[in-house]
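Visitor: Please walk me through the labels attached to this model. I would like each value set against its cut-off.

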Amino acid sequence: IFTEIHDRFATLTNSADGDEGTEKDKTLRGVIRKRNANIKEADDKSNLDAQESAEKDPVNVQALVGRAYAYGAKGDPQNATSDIDAFLKIDPKDPRLYLDAGKVYISLKNYDSAVTRLLKSYYIDPQDIAVNFSLGKAYDFAGHKAEARDCFGRVVHLDPTSTFAQE
């Protein structure tokens, strides 16, 4: 109500001054609309900037990994796969992310996808004991016993005193 009364008063005042061309811009409602448009534009830009920085944030990556593990434990392949795809897009050269993706696929009993992700991790870092061990488990679950023995042999060869080698 206040805005309407103010706009009417401003319109009457502007008409009396003979300045009708800028009448809309001088009303309180016009000023508020212009300010809201500027605020919305600034908010949209800051939201885009925040999304870009959040995607690269390591905490965000770990949150996605954790959520994928949770969905895998619940047996929800659709949500787990979408989270896996999201965190693999963030840093496609990180062998640990492929290792995590493989472990989630193992928990979902999707052993072929697990082997695929773990092989990518293995090709990035063939000396990683955890990758070799998880790849051996995935091969074993998939029924590829010879490949599993090779992976477990690499684990023992890399570090015979590790907990992976003991297992």
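Visitor: Over which residues does pLDDT stay under 50, and how many contacts beyond four places in sequence does the model have for them?

Guide: pLDDT, the predictor's confidence in each residue from 0 to 100, stays under 50 over residues 16-21. For that stretch the model has three contacts beyond four places in sequence, where contact means heavy atoms within 4.5 Å. Where pLDDT is low, the predicted coordinates should not be read in detail. The chain as a whole averages a pLDDT of 81, and 77% of the residues score at least 70.

Visitor: What are the ground rules for reading the other values?

Guide: This is a predicted model, in which local features need pLDDT of at least 70 and side-chain atom pairs count only at pLDDT 80 or more, while totals for chains, interfaces and linings use all residues. Residues are numbered from 1 along each chain as its sequence is written, and side-chain values use heavy atoms, with hydrogens and water left out.

Visitor: How many aromatic pairs does a search of the whole structure find?

Guide: Four aromatic pairs are found. Rings of Phe, Tyr and Trp (its six-membered ring) pair if their centres lie within 6.5 Å; planes under 30 degrees apart count as stacked, over 60 as edge-to-face, and the rest as tilted. One of the pairs is Y111 with F141, at 5.4 Å centre to centre and 35 degrees between the planes, hence tilted.

Visitor: Why is the pair of Y111 and F141 said to tie parts together?

Guide: Y111 lies in helix α7 (residues 111-124) and F141 in helix α8 (residues 129-142), so the pair ties together parts that are 30 residues apart in sequence. Helices here are DSSP runs (H or I, at least four residues), numbered from the N terminus.

Visitor: What makes F133 and F152 a tilted pair?

Guide: Their ring centres are 5.6 Å apart and their planes stand at 55 degrees, so the pair is tilted. This pair also links distant parts of the chain, as F133 is in helix α8 and F152 in helix α9 (residues 145-158), 19 residues apart.

Visitor: What makes α8 a mostly covered helix?

Guide: In α8, 10 of its 14 residues are buried, F133 and Y139 among them. The buried residues pack against α6 (95-107), α7, α9 and α10 (163-166). As for its span, α8 reaches 20 Å from its first C-alpha to its last, close to the 20 Å expected at 1.5 Å a residue; that expectation is 1.5 Å times one less than the number of residues. Just after α8, G143 takes a positive phi of about 95 degrees.

Visitor: How do you know that the buried residues of α5 line one face?

Guide: In α5 (residues 77-90), the buried residues are A80, D83, I84, F87 and L88. Seen down the axis, they fall within an arc of 130 degrees, so they line one face of the helix; the arc is that of the directions from the helix axis to the C-beta atoms. An α-helix has 3.6 residues a turn, so residues three or four places apart point the same way. The face turned away from the buried side carries the exposed residues Q78 and K89.

Visitor: Why does D83 count as buried?

Guide: D83 has 4% relative accessibility, so it counts as buried. Leaving aside neighbours within four places in sequence, D83 is in contact with L64, R67, A68 and Y71. Of these, R67 is found in helix α4 (residues 58-74), and R67 is partly exposed at 41%.

Visitor: What makes K109 stand out in phi?

Guide: K109 has a positive phi of about 65 degrees although it is not a glycine. K109 lies in the loop between α6 and α7 and counts as exposed at 61%.

Visitor: Why is S121 called buried?

Guide: S121 has a relative accessible area of 0%, so it is buried. Its place is in helix α7. Beyond four places in sequence, S121 is in contact with P95, Y98, L99 and V131.

Methods. Helices (H or I, at least four residues) and strands (E, at least two) are DSSP runs, numbered from the N terminus. Buried means under 20% relative accessible area, exposed over 50%, partly exposed in between (1.4 Å probe, protein chains only).
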